[in-house]
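Me: I would like to go through this model term by term, with each value set against the definition behind it. Could you begin with the conventions and then take my questions?

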Amino acid sequence: FRLLGPLEARVDNRLIALGGVRQRGLLALLLLRANEVVSRDRLIDELWRDHAPETAANALAALVARLRRVLPAEVLVTRSGGYEAQVERDAIDVHRFERLLGTGSRALAEGDPAGAAEQLRSALSLWRGAPLADFTYEPFAEPVILRLEELRLGALENRIDADLALSRHSDLIGELQPLVLEHPLRERFRGQLMLALYQSGRQAEALETYRDGRRVLLDELGIDPSPALQEL
């Protein structure tokens with residue numbers, strides 16, 4: 001099951017047709033709380049919001065039945081008061097990403113940049129675009145999307161730190177320059193670019209990158225760069 005991009009489900013590497021938006025939304029809701037019971041009331045509220053028909057419980061059961069016809073029989077289970085998606089955690093790309101992110105971040109903290117870079121690259125390779133891309137404007141997805149995007153940026157920052165520790169400075173400049181433009185207030189990317197430039201013999205550009213960041217922070221927020229960035 002793939003949520004780091006448009007929702008996808010594969011069985012024996014075969015892409016499954018998951019039906020319409022509400023049917024796909026039901027599967028996404030259950031996968032986000034895999035191996036937990038999600039109540040019928042919550043599912044109805046999330047799928048229909050303020051427009052639930054009087055027959056919403058029957059409509060929900062029909063959505064579950066249609067999903068059961070295309071998914072392995074053991075995945076969707078009826079429980080007292082709701083439904084549960086029974087899925088191995090590593091069968092969902094979000095959980096694989098979080099596991100690899102944790103392993104890679106610990107390796108970086110423990111002084112193993114090569115191991116960290118490998119694990120974090122594997123984590124980031126699971127992304128196929130914006131997470132839950134089918135549900136960008138659905139209220140149930142908004143906080144999940146924000147959390148996952150922040151985790152992705154943190155994973156990217158950690159992977160770049162690992163590559164810097166492995167002296168891959170020149171290779172990183174081209175990657176970091178657009179990241180700094182896209183996230184001008186994110187000081188860690190800016191500091192990484194400064195370091196990559198400096199260690200590539202481009203000290204003047206490193207200092208100019210700092211000055212640009214200081215101007216942005218003063219213009220946008222009225223504050224100076226953090227002590228850590230000033231120290232760098």
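Reply: An axis is a line fitted to C-alpha atoms, for helices over the stretch in contact, and angles run from 0 to 180 degrees between N-to-C directions, while contact itself means heavy atoms within 4.5 Å. Helices (H or I, at least four residues) and strands (E, at least two) are DSSP runs, numbered from the N terminus. The model is predicted, with local features needing pLDDT of at least 70 and side-chain atom pairs counting only at pLDDT 80 or more, whereas totals for chains, interfaces and linings use all residues. Residues are numbered from 1 along each chain as its sequence is written, and side-chain values use heavy atoms, leaving out hydrogens and water.

Me: How do you know that the span of helix 1 is close to what is expected?

Reply: The expected span is 1.5 Å times one less than the number of residues. Helix 1, residues 21-32, has 12 residues and reaches 16 Å from its first C-alpha to its last, which is close to the expected 16 Å.

Me: Why is helix 1 called largely enclosed?

Reply: A residue is buried under 20% relative accessible area, exposed over 50% and partly exposed in between (1.4 Å probe, protein chains only). Nine of the 12 residues of helix 1 are buried, so the rest of the structure largely encloses this helix. Among the buried ones are Gln 23, Arg 24, Leu 26 and Leu 31, and their cover includes strand 3 (37-39), helix 2 (40-48), helix 3 (56-70) and helix 4 (93-109).

Me: How do you know that Leu 31 is buried?

Reply: Leu 31 belongs to helix 1, and its relative accessibility is 1%, so it counts as buried. Leaving aside neighbours within four places in sequence, Leu 31 is in contact with Phe 1, Leu 3, Leu 7, Ala 85, Val 87, Ile 92 and His 95.

Me: Which residues have the most contacts inside the largest nonpolar core?

Reply: A nonpolar core is a set of buried Ala, Val, Leu, Ile, Met, Phe, Trp, Tyr and Cys residues joined through side-chain atoms within 4.5 Å. The largest such core has 70 residues, and those with the most contacts inside it are Phe 1, Leu 26, Leu 31 and Leu 71. Helix 6 (residues 142-165) gives the largest share of this core, nine residues. Beyond four places in sequence, Phe 1 touches residues including Leu 27, Leu 31, Leu 71 and Val 75.

Me: Which residue of strand 5 is the bridge partner of Val 37?

Reply: Val 37 has Glu 84 as its bridge partner, and Val 77 also stands opposite Glu 84. Gly 82 and Glu 84 point one way from strand 5, Tyr 83 and Ala 85 point the other way, and all are buried. Arg 79 stands opposite Gly 82, and in the hairpin of strand 4 and strand 5, with two residues between the strands, Gly 81 takes a positive phi near 85°.

Me: Why is the pair of Phe 97 and Trp 127 called edge-to-face?

Reply: Rings of Phe, Tyr and Trp (its six-membered ring) pair if their centres lie within 6.5 Å, and planes under 30 degrees apart count as stacked, over 60 as edge-to-face and the rest as tilted. The structure holds two aromatic pairs. In that of Phe 97 and Trp 127 the centres are 5.5 Å apart and the planes stand at 80°, so the pair is edge-to-face. Phe 97 lies in helix 4 and Trp 127 in the loop between helix 5 (113-124) and helix 6, so the pair ties together parts 30 residues apart in sequence. Phe 97, at 0% relative accessibility, counts as buried, as does Trp 127 at 13%.

Me: What makes the pair of Phe 135 and Phe 140 tilted?

Reply: The ring centres of Phe 135 and Phe 140 are 5.6 Å apart and their planes stand at 50°, so this pair is tilted. Phe 135 and Phe 140 are both buried.

Note on methods: Two strands pair if DSSP finds at least two bridges between them.
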